[in-house]
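User: Hi! I have a new model open and could use a guide. Can we go through it together?

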Amino acid sequence: MAAMGSNRVRDVRALVLEAPRQLVPRELPLPEIGDDDALLRIEACGLCGTDHEQYSGLLPAGFAFVPGHESVGVIDRIGNRAAERWGVAVGDRVAVEVFQSCRSCDACHNGEYRRCRRHGLADMYGFIPVGRAPGLWGGFATHQYLAPDSMVMAVPPALDPVTATLFNPVGAGIRWGWTIPETGADDVVTVLGPGVRGLSALVAAREAGAAFVMVTGSGSHDRPRLEMAMRFGADLVVDVATADPVVELVGATGGLADVVVDVTAKAPTAFAQAMGLARPGGRVVVAGTRGVAETPGFNPDHIVYKELRLFGALGVDSRAYRAALARLAGGRYPFESLPHEVASLNGVEALLQAMAGEAGRVPPVHGVMVP
Ligand SMILES: [Zn+2]
Ligand SMILES: [Zn+2]
């Protein structure tokens, strides 16, 4: 028997992406909850570049589905076994991981649950077809279904739900800017891309003890983001549209970067820039996707001559998520003052377009849906 929360509703309001650029409001029945699962009442869901790639059709997706994969909410109903497994009860605020884990295959045992045999990349929240019962597999809704293999994390009480949705980008920053390149004290770090993931990688590098952190952006719409990077502790910011980042870095530090983290989106030239910024023997983390195979200016021989170490980075793991929630609650960085824009369910579509620069105005750094 599942423990019940208050505020009973009969139907769930959700946005269903039926085809590219067809995001339709739908009412879905409230699911039955058993011993092993739970229902989340969504308080906030972060928007990210992936949401727009699904929306625009750039990312091949299995339509139709409820998008949204950065959910924070309150446990509305939960089965006894699920409550024990996750260590949470009705009324607790939690964040939901994107991936699911069977907790028993080799990949899951190694913490590599992105490669879980049962779930893997196909079973991510915000990607699962609405046709699979109970349909509530995404955060752009009033409620989200928490299946037995979901991974939920308690949100520290000090954290408001809108700021808490940053668990995903901040977790990515910790994994990409710290754990994967093993950033340490005295490292010179360069972060390519000043969006919320770039700022998060900057924070992670600072927390790792980096001696110097440079952040790059491109063009006028990145300028407010580069100013924000200074507030988050960057030593130097560079607009690559008007200055050569290699010249700027050498001018400021006398050398090249030990660690380069590329979190740019749709910036084909960033790859060659990352190779140019890395010192011989340097570590380069490639986390931004380009959407095209061309890499202008890139010469593979540079990897050989410089003996570079390249790391591809996809997604976040539990350790980084938990570290992210602790950093967000710690209050050392001005995450609450990150320029954000909140939209209701009805406003999600317009906000997605604005974040992709389709609205003819400077895109907000962080977009959040509050139903
Ligand atoms: Zn995302
Ligand atoms: Zn598994």
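User: What covers the buried residues of helix 7?
Analyst: The cover includes helix 6 (196-207), strand 10 and strand 11. Contact here means heavy atoms within 4.5 Å, and buried means under 20% relative accessible area, exposed over 50%, partly exposed in between (1.4 Å probe, protein chains only). Helices (H or I, at least four residues) and strands (E, at least two) are DSSP runs, numbered from the N terminus.

User: Before we go on, what kind of model is this?
Analyst: This is a predicted model, where local features need pLDDT of at least 70, side-chain atom pairs count only at pLDDT 80 or more, and totals for chains, interfaces and linings use all residues. Residues are numbered from 1 along each chain as its sequence is written, chains are lettered from A and ligands numbered from 1 in the order in which they are written, and side-chain values use heavy atoms, with hydrogens and water left out.

User: Thanks! Which residues of helix 7 are buried?
Analyst: Those are Arg 225, Leu 226, Met 228 and Ala 229. They sit on the same side of helix 7 because they cover an arc of only 155 degrees around the axis; the arc is that of the directions from the helix axis to the C-beta atoms.

User: And what is exposed on the other side of helix 7?
Analyst: There you find Glu 227 and Arg 231 exposed. Just after helix 7 comes Gly 233, with a positive phi of about 105 degrees.

User: How does helix 7 lie on the strands?
Analyst: Helix 7 (residues 223-231) lies across strand 10 (212-217) and strand 11, at about 170 degrees to strand 11. Axes are lines fitted to C-alpha atoms, for helices over the stretch in contact, and angles run from 0 to 180 degrees between N-to-C directions.

User: What order do the strands of the open sheet have?
Analyst: The 6 strands go 11-10-9-12-13-14, with parallel pairing. Strand 11 (236-239) and strand 14 (309-312) are the edges, each pairing on one side only. Two strands pair if DSSP finds at least two bridges between them.

User: Is Cys 48 buried or exposed?
Analyst: Cys 48 counts as buried because its relative accessibility is 9%. His 69 is buried too, at 6%.
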